[in-house]
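Let's take a friendly walk through a protein model. Keep the picture open beside you as you read.

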Amino acid sequence: MCHGVGRARALVVGMLCAAYGVGAVPLCIAANRQAPQDNTPGAIARRVGKVTAINGSTITLAPDANSAVNVDVTSETRLSRIAPGETNPKNATPMQLGDLQVGDMVRVFGRVADDGKSIAAASIIEIGRAHV
């Protein structure tokens with residue numbers, strides 16, 4: 001077992017590795033590294049964290065090691081939920097923004113908005129409270 005890395009965090013890292021074709025990366029190494037965050041408008045953004053607020057179509061996300069970020073959800077954003085114990089994001093089921101709750105853990109993928117402080121979400125995968 002990875003030292004200092006919770007089982008849930010290792011699961012999240014494993015899901016991200018599988019989603020982006022990096023399945024061979026050891027979970028201990030991947031989980032202990034923080035990816036640099038490029039806040040340049042238009043840059044690709046990937047964040048994992050807890051939903052701390054939902055205000056209309058904006059989610060406030062608190063990542064583990066960084067400051068909170070607003071995530072803008074549009075009609076183009078794909079929202080899905082992955083079942084407890086599932087590691088393949090392809091098996092996630094569609095969901096609506098109204099199904100998301102404060103306290104849920106999510107993985108957000110999108111682009112840094114023009115303000116450099118928020119993310120325009122392309123996809124959000126809810127991984128729930130139960131596995132965190």
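This is a predicted model: local features need pLDDT of at least 70, side-chain atom pairs count only at pLDDT 80 or more; totals for chains, interfaces and linings use all residues.

Residues are numbered from 1 along each chain as its sequence is written, and side-chain values use heavy atoms, leaving out hydrogens and water.

**Layout**

The protein has two helices and seven strands, arranged along the sequence as α-α-β-β-β-β-β-β-β. Helices (H or I, at least four residues) and strands (E, at least two) are DSSP runs, numbered from the N terminus. Of the 132 residues, 37% are buried; buried means under 20% relative accessible area, exposed over 50%, and partly exposed in between (1.4 Å probe, protein chains only). Among contacts (heavy atoms within 4.5 Å) with a separation of 6 or more, 58% join residues 24 or more positions apart.

**The core**

In soluble globular proteins, nonpolar side chains tend to be buried together. A nonpolar core here is a set of buried Ala, Val, Leu, Ile, Met, Phe, Trp, Tyr and Cys residues joined through side-chain atoms within 4.5 Å. The largest one has 17 residues, and those touching the most other members include Ile59, Val71, Leu100 and Ile124.

Another core, of five residues, lies apart from it, with Ala92, Met105, Ile125 and Ile127 among them. Which residues does Ile124 touch, not counting those up to four places away in sequence? Among them are Ile59, Val71, Thr77, Leu79, Val106 and Val108.

**A charged pair**

The whole structure holds one salt bridge, meaning a side-chain nitrogen of Lys or Arg within 4 Å of a carboxyl oxygen of Asp or Glu. Glu126 and Arg81 form this bridge, with their closest N and O atoms 2.4 Å apart. Glu126 sits in strand S7 and Arg81 in strand S4 (residues 78-81), so the pair ties together parts 45 residues apart in sequence. Glu126 is buried at 5% relative accessibility, whereas Arg81 is partly exposed at 31%.

**A loop residue**

Ala113 lies in the loop between S6 and S7. Is Ala113 buried or exposed? Ala113 counts as buried because its relative accessibility is 16%. Leaving aside neighbours within four places in sequence, Ala113 contacts Pro41, Ser118, Ile119 and Ala120. The C-alpha atoms of Ala113 and Thr40 are 8.3 Å apart, although 73 residues separate them along the chain.
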